[in-house]
Amino acid sequence: MTAVLTAVTEDDVRTALGSVVDPELDEPITDLGFVRSVAVDGGTVEVHLRLPTSFCAPNFAWLMVSDARDAVAGVPGVGRVVLELDDHSDSDLINAGLAADAGYRGTFGHEAEESLDELRATFQRKAHTAAMERALTALLRAEPVRTEADLGEVTLADLPAGPTTEALLRRRATLGLPVDGRAPVLVDAAGRRPDRAEVPLAVRKARSVRISIDGNAHFCRGLLATRYPGAEDDQFPRADDRPLLPVLVQEVSS
Amino acid sequence: MYSKDGENYFIVDAHVALWDARPENQLNVHGKQFIDCFYDYHRNLSPESEVWPYEEYLYQGGERLMKDLFTDGYVDHAIFQPARLAEFYAKGFGQTEEAFALSQANPDKLTYNHWFDPRDGERGLDQLRADAERFGLTGVKLYTADWHGDSRGWKLNDPTAYRYFEVCRELGIRNIHVHKGPTIRPLDRDAFDVADVDHVATDFTDLNFIVEHCGLPRLEDFCWIATQEPNVYAGLAVAIPFIHTRPRYFAQIMGELLYWLGEDRIFFSSDYALWTPKWLIESFVDFQIPEDMSEYGPLTTAQKKKVLGLNAAKMYDIPVPAELQLPDADETATGPRQPESADLAMA
């Protein structure tokens with residue numbers, strides 16, 4: 001064969017959109033039901049996104065729609081991308097900015113100062129903290145001889161293989177933290193370990209981060225389905241790397 | 001007053017509104033988007049039997065408010081916390097005249113708090129003085145995400161805001177209710193960030209800062225600030241209806257608040273007319289933290305009594321019958337409260 005024309009399919013586009021994460025909820029927009037429609041016409045792709053409320057924070061909205069546009073544009077065979085955010089208080093502004101390729105500052109004008117990099121980094125740190133707490137709390141429940149105060153000594157090699165540990169490793173890699181077995185699990189985003197006396201407090205702080213993200217994720221999913229009846233059919237259960245803690249411990253502890 | 005199983009609960013609803021979001025009051029599409037967002041919250045979190053028709057939700061009126069709160073809702077005293085939203089609604093969202101008239105007609109049942117916006121500058125300072133005198137203000141409700149010209153938000157630690165807080169101090173406005181919202185300048189940063197609460201609470205230790213929605217969706221940042229600042233309080237508006245659809249999440253919210261802030265600094269709020277107080281109060285009195293959540297201690301009856309009314313009554317000097325009063329907990333002023341009460345560490 002000489003020339004292979006790649007025919008773009010809706011599946012290709014949805015797969016690409018699956019790499020786009022809601023930074024606040026740390027979940028793919030495809031699982032959250034935020035993709036309203038995908039239409040492919042030759043090399044032209046039109047995607048509409050939707051969010052749980054008209055007033056979802058515009059900076060997070062921008063991160064998701066601009067990431068989505070980049071993801072779709074990167075699919076082989078895609079020529080033109082029309083990406084729009086529907087029913088948002090800033091829809092007109094954001095859609096015009098995307099169409100003109102105006103970038104974050106060009107789109108938001110005086111409301112933007114530098115970039116959204118630090119915002120994204122803040123939520124990558126929170127995502128790591130939550131993944132760390134899930135792994136440590138799961139260990140604590142599976143091995144009741146351990147106490148919270150001991151958790152400062154746990155290394156990655158102590159964690160059982162499985163999706164919870166894999167999720168933690170991915171988020172460590174994002175932050176540039178070591179992923180070898182000897183590396184301590186309970187660290188901050190810069191890799192620092194708390195003093196032994198501070199370990200329980202560090203675990204409790206991490207727990208509040210995890211609870212906050214989990215709670216927001218559930219609420220946003222519910223609101224989306226309230227706002228767009230039927231949207232629940234487009235939502236996929238949270239990945240099993242994030243079981244809703246706390247898990248039942250009655251059986252194991254009796 | 002609510003009574004159940006021989007226990008009596010004095011109820012203060014610390015966050016209610018009398019709003020008008022009818023189409024004739026909407027200035028633009030954002031007025032519709034705003035009330036639709038509220039209505040989705042209402043529909044999503046309410047038991048089916050408590051869902052209002054959309055038309056009724058747009059405007060409830062004083063008569064219905066009195067019935068929902070005091071006749072049907074067990075509330076002893078309620079505090080208006082109005083939102084201005086002048087860019088969305090011709091007469092504003094919170095109906096100042098109607099709410100103030102109701103509170104004057106029922107002074108033992110209603111307290112009227114008003115708002116200010118530091119972006120109103122010098123004129124706003126004069127207005128705050130006039131409002132304090134007219135309304136007899138002891139508290140204000142601040143909405144930092146309110147739009148104002150081409151500005152879509154402000155921070156509590158903006159220099160002009162500090163001038164307003166100095167005037168609050170001078171006028172005896174001690175109770176500052178803060179609602180963090182979703183849009184703020186610059187968009188570079190997290191719009192729900194509660195760090196400005198930390199600054200202002202440190203610099204105005206004689207003022208009380210009640211963070212509505214207990215900082216949701218940034219519960220963790222809020223808890224970490226509040227545990228270090230003895231004058232920061234948690235309002236349960238928007239948090240408490242999770243008790244119905246997501247009781248385990250609500251248990252975690254309560255567990256976290258009790259751990260980081262303690263039982264004397266949490267206020268019940270229905271956020272009427274987002275929700276009605278009756279079912280929330282009934283549910284809260286019946287509520288218990290699930291047994292398998294061994295990281296939290298059980299919720300005591302005394303804690304429920306404090307949250308449902310005694311804490312806010314104390315802050316607002318609302319008289320409480322002597323037999324219903326409770327002493328403050330013997331808790332540390334800062335840092336985790338009763339960390340040993342229950343914990344995985346003790347399992």
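Okay, before anything else, a word on how the angles work: helix axes are lines fitted to C-alpha atoms over the stretch in contact, and angles run from 0 to 180 degrees between N-to-C directions. With that in hand, look at where the two chains come together, and keep in mind that this is a predicted model. Helix α8 of chain A, residues 199-227, packs against α8(B) at an angle of about 145°, and the two axes are 7 Å apart.

So who touches whom there? From α8(A) you have Lys205(A), Ser208(A), Val209(A), Ile211(A) and Ser212(A), and they meet Leu219(B), Glu220(B), Cys223(B) and Trp224(B) in α8(B). Sort that contact by class and you get 5 nonpolar, 2 polar and 2 charged residues.

Now zoom out to the whole interface. On the chain B side 38 residues are in contact, and on the chain A side 42. Which elements of chain B give two or more residues to the side that touches chain A? Those are α1 (29-45), α8 (219-226) and α10 (247-260) of chain B. The top contributor is α1(B), with 7 residues. As for the make-up of that side of chain B, it's 16 nonpolar, 7 polar and 15 charged.

Let's stay in chain B for another helix pair. Helix α5, residues 121-135, and helix α6, residues 159-171, pack at about 20°, their axes 11 Å apart. That angle makes α5(B) roughly parallel to α6(B), because anything under 35 degrees counts that way. The crossing of α5(B) and α6(B) is right-handed. If you want to click on residues, α5(B) brings Gly121(B), Leu125(B), Leu128(B), Arg129(B) and Ala132(B), while α6(B) answers with Thr160(B), Arg163(B), Tyr164(B), Val167(B) and Leu171(B). By class, this contact of α5(B) with α6(B) has 6 nonpolar, 2 polar and 2 charged residues.

Last stop, a sheet in chain A. Here 3 strands make an open sheet, ordered β3-β4-β5, with mixed pairing.

Take β3(A) and β4(A), the latter being residues 44-49: they run antiparallel and share 6 bridges. To find your way in, go to Val40(A), whose bridge partner in β4(A) is Val45(A). And there's a helix on this sheet too: α3 of chain A, residues 58-73, touches β4 and β5 of chain A, and its direction makes about 160° with that of β5(A).

That's my tour, thanks.

Note on methods
Residues are numbered from 1 along each chain as its sequence is written. Chains are lettered from A and ligands numbered from 1 in the order in which they are written. This is a predicted model: local features need pLDDT of at least 70, side-chain atom pairs count only at pLDDT 80 or more; totals for chains, interfaces and linings use all residues. Helices (H or I, at least four residues) and strands (E, at least two) are DSSP runs, numbered from the N terminus. Angles under 35 degrees count as roughly parallel, over 145 as roughly antiparallel, 65 to 115 as roughly perpendicular and the rest as oblique. A crossing is left-handed if the near helix is turned anticlockwise from the far one by less than a right angle, and right-handed if clockwise. Two residues are in contact if their C-beta atoms, placed from the backbone, lie within 7 Å. Ala, Val, Leu, Ile, Met, Phe, Trp, Tyr, Cys and Pro count as nonpolar, Asp, Glu, Lys and Arg as charged, and the others, Gly among them, as polar. Two strands pair if DSSP finds at least two bridges between them.
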